[in-house]
Amino acid sequence: MIKTSALPLGRISLLLAIVVWLALVLVDLVRIFGMINNLDSGIAEEVTWILEILFFIFVYLVYRHVFWKTRQSDFLTLIWRGVSTGLFAASAGLLTELIYYALGESKIGTDPFLKNVFYHINFAWTSAFLIATTLLWKHLILYQKNKQVVNQWQVFEFSMAGALFFVFFNHNNLDYSFLFGLVILLVISILLAANLKWIPYLNFKEKWKTLLFLFLILLCAGVLFYRVLDSGNEGRVQINLTDNLFLMALFGFVFVYGLFSFLVTLFNLPTSSVFEQKLTEAINFQKLSQSIQPEESEEQVLDILLDSCISASFSDGAWIELNPKEQVQIKNPLRILDESTRTELTKLIPQEKQSWVYTSAAEIPQPLTIRLIHPNYKSALLVPLVVNKSILARIVLIKEVKEGFNKEMLSIIGTFARQACISVENHRLLNQAIENERYQEELKIAQRVQKALLPLKLDHPDSFDICAYSNTADEVGGDYYDTYQVDENHFVLIMGDVSGKGTSAAFHMAQMKGVFQSLIQLDLRPAEFMKKANAALSKCLERNHFITASIFEIDVVNHTFCHARAGHIPTLWYKATENKAEFISVEGLGLGIVRNLSYKNHVQEKTFEYHSGDILVLLTDGILEGRNETGEQFGNDRLKKIVEAHPQKNPIHLQQEIIDSLHQFVGGDGMIDDDYSLLVVKFK
Amino acid sequence: MLQLERKKEENKDILRLIGEVDASNSILLDQSIQEILEQGATVLLIDGTELEYISSAGLGVFMSYLDDFSERGIRFAIFGLNEQVNEVFKILGLDRLIAIAPDLSTATRLTHES
């Protein structure tokens, strides 16, 4: 395959065509010599016919190759190829005429051999022109291919192939069978000539050029045909190559299609502006839909839209008004008109039509035509651009004629506007998506930083086991727990919960950790700790935020813990001796609620004695407030029952049990819309 | 979902909370109270009969106005809370700072006394 395509097929065909032509000339001269001298040249007329057919085939191959190479060129270049061959052929013919006119009745002028050489030259050029033009027509006919057209063309090609060999059947006579074949081929040609879909794609200027070219082709075809007939009639040629069905049918086809094309192009001239307009609209539409590229801005989209609307409606002026609420700026909002005319015209448009809000949310505002009472301008079209349910901008198109905007214009402008709005909306969504992505990244960092605020290792002696768990509703949250070893016998547990959730809670949680870590160094009693914490946090919490906290100071020698609670969810205490769990009740107000010294009246501490096997469950409200699909809360009692049911479990397993139960309770459709944390302590 | 209904009876402004107050809608509650304050209310009663749930963010709104109320001499009470919501106020200790009454008449009496 590669080898064949590498061969210079065009040149080989050309060479073969020339060789065959030379052979044809030679054979025919020998035959003429025989005829004149009444000698048997020993060459049958079939040899001439075979050489002629071969010549046609090689010329066909040459031009097929030429057209294959230039198949991507535009119509005019292709048609020019036909024209140039035609001009060559015609001038060769005219030159021959001229030479014979000059020679007159001299000896050379009547020499049959020379005449035949010229005849063969003209025959070659005429064939080349006809075959080239036929291939050109083929290209034009099959420009917009469908199965039907391709089938039609194939029928034509087969018929032509038949006509090529017709000479063997009819022996070069102009008899009825010849006429019959010619009529059939002409009918097929006329049918094919209806395929003129390439013409509308020419613009106005190209159409004029095409008309000229087609005229030249028709002229050349006419001249050549006349010469063929002439040479046939004169009888000065003993060997007739041109009374050939194939050649005659080609003449017919070239002429019919050329004529049809010429006429259709001519009649298409006045309407070509409409087609060009439609094409411009399609291109504008494409521009609008492609202007979503990140580097392009909304202003560019609006700019293209304004220009597209003007060209689609042939407006005599236009401007774009931007909704003052939108942050879009456009450099050149006014087209054709000047500023004072615009102000003048704006006054003529009813106020209610210029509103930036539209009343019915379901109805997207459509382009609206308005009659203007103005000496120069008579009609206006308002095109609202609706992006994300609000009017982004409005295009005002102005025309000098009354009712200047027809239905097609309204529809195409409406489409433009919608497409532009989609572009703007997509542009915004894309930017939003990028922004969101960035926020997500930031939040991930925040999440990591916040996780690091919670202790990795919990301080505890051998006399109790401890574990903790924390989960946030959003990426970051406001729950906090920590442990601290005061001395070898005293350990502090602390749990805190910032009101609200999310980022603001997370910042306050960080402050809380700072305050707690500082105060814990001071070795304060729990109530005192809360008072100091309240004073410190009152200075840094926002007015509508507060923190709840629980603190336990465990004395592992005396088996006691001292507890203070600042508005926090009471801690669940499982007493092994009684086999019962209950919430420790100690009064205490949340931190940051009362921001003065009177807080000391609102907090108290109590000391309790614990026993081996006792369990403390510190938690935040997210656990108790987890809700199932019916809206029921997880609540105190469920928690109590779980702990009472599994007192033998070690803290980590008990903690898992609680979390599992919570998730099971909440289920797929329920929700835990808050941060939730657990700290489980079991005394040995 | 939170719905807010305002009503004025004699000198009392009554704000009825219907549904749930959480982080997402606590701003609405805040705005309503702000408006009532700006209109020069003297007695503000919160009707919590149909309040199903209040999150810490919602509590934060009430808390943030406590100083304003005492500075302006506005008498403030909440009434009609269901057991669950009442418990939330109690755990936080707000019941010590805010007059919480079982019904409207008790709330009216409480605000008259103070």
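This report walks through the sheets, helices and chain contacts of the structure above.

What you have here is a predicted model. Chain A holds 19 helices and 15 strands. Of its 684 residues, 37% count as buried. Among contacts in chain A with a separation of 6 or more, 73% join residues 24 or more positions apart.

**A sheet with strands E1 to E5**

Let's start with an open sheet of chain A whose five strands run in the order E2-E1-E5-E4-E3, with antiparallel pairing. Its edges are strand E2 (334–335) and strand E3 (368–371) of chain A, each of which pairs on one side only. Within this sheet, strand E1 (residues 317–322) and strand E5 (residues 390–399) of chain A are joined by six bridges in the antiparallel sense. Helix H14 (residues 407–451) of chain A lies across strand E4 (379–387) and E5 of chain A, and runs at about 30° to E4(A).

**A sheet with strands E7 to E10 and E13**

Another open sheet in chain A also has five strands, ordered E7-E8-E9-E10-E13 and paired in the antiparallel sense. Here strand E7 (479–485) and strand E13 (605–609) of chain A are the edge strands, each pairing on one side only. On average, neighbouring strands of this sheet are turned by 15° against each other, direction ignored. Strand E8 (residues 490–498) and strand E9 (residues 547–555) of chain A pair over nine bridges, again in the antiparallel sense. In this pairing, Gly496(A) has Ala549(A) of E9(A) as its bridge partner.

Two helices of chain A pack on this sheet: H15, which touches E7, E8 and E9, and H16, which touches E9, strand E10 (560–566) and E13. Their angles are set out here.

| Helix of chain A | Residues | Angle and reference strand |
|---|---|---|
| H15 | 502–520 | about 160° with the direction of E8(A) |
| H16 | 526–540 | about 30° with the direction of E10(A) |

**Where chain A meets chain B**

How many residues of chain A are in contact with chain B? There are 20 of them, and they meet 16 residues of chain B. The side of chain A that touches chain B is made up of six nonpolar, 10 polar and four charged residues.

Conventions. Residues are numbered from 1 along each chain as its sequence is written. Chains are lettered from A and ligands numbered from 1 in the order in which they are written. This is a predicted model: local features need pLDDT of at least 70, side-chain atom pairs count only at pLDDT 80 or more; totals for chains, interfaces and linings use all residues. Two residues are in contact if their C-beta atoms, placed from the backbone, lie within 7 Å. Ala, Val, Leu, Ile, Met, Phe, Trp, Tyr, Cys and Pro count as nonpolar, Asp, Glu, Lys and Arg as charged, and the others, Gly among them, as polar. Two strands pair if DSSP finds at least two bridges between them. Helices (H or I, at least four residues) and strands (E, at least two) are DSSP runs, numbered from the N terminus. Axes are lines fitted to C-alpha atoms, for helices over the stretch in contact, and angles run from 0 to 180 degrees between N-to-C directions. A residue is buried if 20 or more other C-beta atoms lie within 10 Å of its own, exposed if 12 or fewer, and partly exposed in between; C-beta atoms are placed from the backbone.
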